[in-house]
Amino acid sequence: FFESHMSIAARAEQGNAKGSDLTEVLPTSCHSAFEDALDFMYSENQAAFEAPASKALLLLKIADILQISSLFEAMGRRIEAAFEDTAPLLLEQYCRFHIPGTDDGAALRQIRDGAVDLIVRKFQPFLTNAEMKTALLRLPARVLVEILQVDELLVASEDVVFDFVLSRLHGEPESEGPNAANEKDPRPASDSEKASTPERQDGEDSDDEEALWDQVRWAFLSSTKFAQALALGNSLLKPEVTQRALTVRTTRFDLGGAEAFGSMGYMNSLVPRRPILPPGVPPPTSTEIDFCFHYAHSEQYACGEALRSQPKRIGDVVLRVLVFPAGTDTGVARGSLSVFLEAVPQPSWPRDWEFANIRYGIACIRWPSGSGETWAAKKKSDLWTFKANRLDRGWHDFLAPGEIHRYLGPDGFVCIRGSLEQECLGRAFLLNQASQAGYSGGVGDAAGSSASRRSWVPRSHPMSEQQ
């Protein structure tokens with residue numbers, strides 16, 4: 001095809017007639033890559049030709065249309081070799097030239113479907129790479145809906161989905177904090193990453209925006225993010241979306257909610273994403289609290305930067321896991337993992353509330369490192385009385401500097417599990433607090449409050465490797 005068009009062009013030039021115009025047969029989105037196709041065609045060493053990842057699929061499309069078999073095979077090998085790391089870029093290129101309702105052929109369709117599947121399985125890790133995140137933000141709304149609606153979407157929490165949709169629709173800079181830190185990349189941005197603020201794409205309308213918002217599972221959004229959503233106002237969040245969001249949260253937290261709102265048609269939002277846990281680890285019980293966060297590199301979090309799990313009610317006490325991925329700013333060695341269990345005061349509690357002699361545990365779960373190996377956990381336990389001026393208790397040096405890498409999953413996630421021991425469940429109710437003598441821990445206790453300051457002195461802590 002390519003050779004025939006070149007022959008037509010040559011004859012036309014000799015006869016001073018109209019030549020062959022390849023722009024009529026190539027999609028507009030492929031024009032920017034055509035010069036690279038010519039470089040390949042006239043290269044003395046085609047085997048050494050290197051195509052940028054941002055043009056690899058465009059070149060494959062050009063090769064397919066113009067029937068340049070050598071370029072098609074070279075780009076096929078290039079795409080296959082880098083597929084695991086560049087799936088968002090490949091899908092973004094596909095969406096540029098694909099016309100909905102048309103068939104681009106089995107090879108391109110296979111690349112497209114494989115990219116969607118891989119993005120679902122590595123969504124949050126891709127967000128930590130600025131170039132891949134930019135490619136994801138450029139995807140059409142219909143494709144993003146296909147990705148975000150999957151239960152198995154790999155995210156540590158629903159807050160990650162909310163932040164992404166907000167960035168995609170409105171270009172709002174994410175607030176500084178745990179989610180912003182989760183997406184920092186120390187590398188300087190490339191030219192392709194310095195894209196303009198995401199805007200509504202051609203052919204998209206308010207219905208597409210609403211469809212994207214509906215992929216956020218509002219019932220599982222943190223209170224901080226939900227408050228941020230409500231503050232967006234009608235110009236950014238349509239009243240219909242806000243109403244559905246409030247309804248699903250009411251349905252989840254109201255004991256009679258499922259019965260009252262079950263017929264409203266969007267109860268699929270009450271299904272949580274699949275939790276991130278090492279293989280073989282049982283789901284948390286009613287007295288356990290799981291918290292997972294993404295750890296891409298050592299500079300991702302600042303010293304003293306805190307992450308918190310969703311709160312969980314156990315009896316009357318409401319607790320959550322409090323994590324400092326780079327350690328607390330209290331003299332602990334930089335790079336330590338600090339983990340605490342934190343009480344979350346409730347309006348219904350009396351002013352002098354107290355949960356005495358609560359024995360709790362915190363575990364960091366380790367992924368199996370090879371075939372035949374099972375998961376393990378480093379666990380520490382302590383006895384503590386939670387009260388208004390003593391909200392949290394745990395360890396500033398739960399993991400020593402550098403030790404966190406032993407507990408990273410294959411996609412860079414760390415899993416923490418907090419728990420209350422069964423022996424103290426009777427003391428997790430406010431009606432029993434008057435008869436309990438408060439225990440606040442001895443002077444030499446290894447555990448401490450997240451706010452306590454002490455000089456760094458290596459200590460031996462109760463620790464066990466458990467299956």
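User: Which helices are included in what covers the buried residues of H11?

Analyst: Burial first: a residue is buried under 20% relative accessible area, exposed over 50% and partly exposed in between, with a 1.4 Å probe and protein chains only. Helices are DSSP runs of H or I of at least four residues, and strands are runs of E of at least two, numbered from the N terminus. Contact means heavy atoms within 4.5 Å. Here, the cover over the buried residues of H11 includes helix H8 (141-148), helix H9 (158-170) and helix H13 (239-253). This is a predicted model, in which local features need pLDDT of at least 70 and side-chain atom pairs count only at pLDDT 80 or more, while totals for chains, interfaces and linings use all residues. Residues are numbered from 1 along each chain as its sequence is written, and side-chain values use heavy atoms, leaving out hydrogens and water.

User: Which residues are buried in helix H11, and why do they line one face of the helix?

Analyst: The general idea is that an α-helix has 3.6 residues a turn, so residues three or four places apart point the same way. In H11 (residues 206-213), the buried residues are Glu 209, Glu 210, Leu 212 and Trp 213. They line one face because, seen down the axis of H11, they fall within an arc of 160 degrees; the arc is that of the directions from the helix axis to the C-beta atoms.

User: How many residues of H8 are buried, and what do they pack against?

Analyst: Six of the eight residues of H8 are buried, so this helix is mostly covered. They are Ala 141, Val 143, Leu 144, Val 145, Ile 147 and Leu 148. Their packing partners are helix H4 (69-97), helix H5 (106-121), helix H6 (123-127), helix H7 (130-137), H9 and H11.

User: How many aromatic pairs does a search of the whole structure find?

Analyst: Rings of Phe, Tyr and Trp (its six-membered ring) pair if their centres lie within 6.5 Å; planes under 30 degrees apart are stacked, over 60 edge-to-face and the rest tilted. The search finds 17 pairs. Trp 395 and Phe 398 have ring centres 6.2 Å apart and planes at 70 degrees, so this pair is edge-to-face. Both Trp 395 and Phe 398 are buried. Elsewhere, Phe 162, Trp 213, Trp 218 and Phe 226 form one aromatic cluster.

User: Which charged residues lie over the faces of Phe 226 and Phe 398?

Analyst: A charge sits over a ring if NZ of Lys or CZ of Arg is within 6 Å of the ring centre and within 35 degrees of the ring normal. Arg 249 lies over Phe 226, at 4.2 Å from the ring centre. For Phe 398, the residue is Lys 380, at 5.0 Å from the ring centre.

User: Is Lys 61 buried or exposed, and what is it in contact with?

Analyst: Lys 61, found in helix H3 (residues 56-66), is buried, with a relative accessible area of 9%. Leaving aside neighbours within four places in sequence, Lys 61 is in contact with Pro 27, Cys 30, Phe 97, Asp 104 and Leu 108.
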